[in-house]
Amino acid sequence: MGAAYTVLGRTFQPHQLALITLGSVVLLVMPKPWNPKPQHPSINASSPAEEKFVKEYLSKHLKEEKH
């Protein structure tokens, strides 16, 4: 066998340390799927007509973005 490293009283082979390091980096960098999705900010309209206009505007432009 090749060289072995002792970490906290346990013996590890170099390939084991490499896999542990890669796994740790992936877990730290990968986005967390269980986090809540960002929500859109609320519409603080001064009148119902203004709120209706903003909602229609957003829905129209979000539809155009998807196409």
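**Legends to the close-up views**

**View 1. His 40 lies in the loop between helix 1 and helix 2.** The structure is a predicted model, in which local features need pLDDT of at least 70 and side-chain atom pairs count only at pLDDT 80 or more, while totals for chains, interfaces and linings use all residues. Residues are numbered from 1 along each chain as its sequence is written, and side-chain values use heavy atoms, with hydrogens and water left out. Helices (H or I, at least four residues) and strands (E, at least two) are DSSP runs numbered from the N terminus. His 40 is exposed, its relative accessible area being 72%. In this scale, buried means under 20% relative accessible area, exposed means over 50%, and partly exposed lies in between (1.4 Å probe, protein chains only). The C-alpha atom of His 40 is separated by 46 Å from that of His 15, 25 residues away along the chain.

**View 2. The chain is built from two helices and two strands.** Their order from the N terminus is β-β-α-α. The radius of gyration is 26 Å, well over the 11 Å that the globule rule gives for 67 residues, so the chain is more spread out than a compact globule. The radius is taken over C-alpha atoms, and the rule is 2.2 Å times the number of residues to the power 0.38. Along its principal axes, the C-alpha trace spans about 75 × 30 × 10 Å. Buried residues account for 3% of the 67 residues. The accessible surface of the chain is about 6,700 Å², with 64% of that area belonging to carbon and sulfur atoms. Such areas come from the Shrake-Rupley method with a 1.4 Å probe; for residues, only the protein chains shown count as cover.

**View 3. A nonpolar surface patch of about 480 Å² is formed by Ile 43, Phe 53, Tyr 57, Leu 58 and Leu 62.** Patches consist of residues with over 30% relative accessible area and no salt bridge, like charges being joined within 9 Å and nonpolar side chains (Val, Leu, Ile, Met, Phe, Trp, Tyr) within 5 Å. Leu 62 is placed in helix 2, residues 48-66, and is partly exposed at 42% relative accessibility. Ile 43 belongs to the loop between helix 1 (14-29) and helix 2; its relative accessibility of 31% makes Ile 43 partly exposed. Beyond its neighbours within four places in sequence, Ile 43 touches Glu 51, Val 54, Lys 55 and Leu 58, a contact being heavy atoms within 4.5 Å. Between Ile 43 and Lys 55, twelve residues apart along the chain, the C-alpha separation is 8.5 Å.

**View 4. Glu 51 and Lys 55 form a salt bridge, with their closest N and O atoms 3.2 Å apart.** A salt bridge requires a side-chain nitrogen of Lys or Arg within 4 Å of a carboxyl oxygen of Asp or Glu. One salt bridge is found in a search of the whole structure. Glu 51 and Lys 55 are separated by about one helical turn because they are four residues apart in helix 2. Glu 51 is partly exposed at 29% relative accessibility, and Lys 55 is likewise partly exposed, with a value of 46%.

**View 5. Leu 8 occupies the loop between strand 1 (5-7) and strand 2 (10-12).** Its phi is near 55°, a positive value in a residue other than glycine. Most residues other than glycine have a negative phi. With a relative accessible area of 85%, Leu 8 is exposed.

**View 6. Glu 64 is located in helix 2.** This residue is partly exposed, at 49% relative accessibility. Glu 64 and Leu 17, 47 residues apart in sequence, have C-alpha atoms 50 Å apart in space. In the chain, confidence is lowest in helix 2, where the mean is 86, and highest in helix 1, at 94. Over the chain the mean pLDDT is 86, and 93% of the residues reach 70 or more.

How values were computed:
pLDDT is the predictor's confidence in each residue, from 0 to 100.
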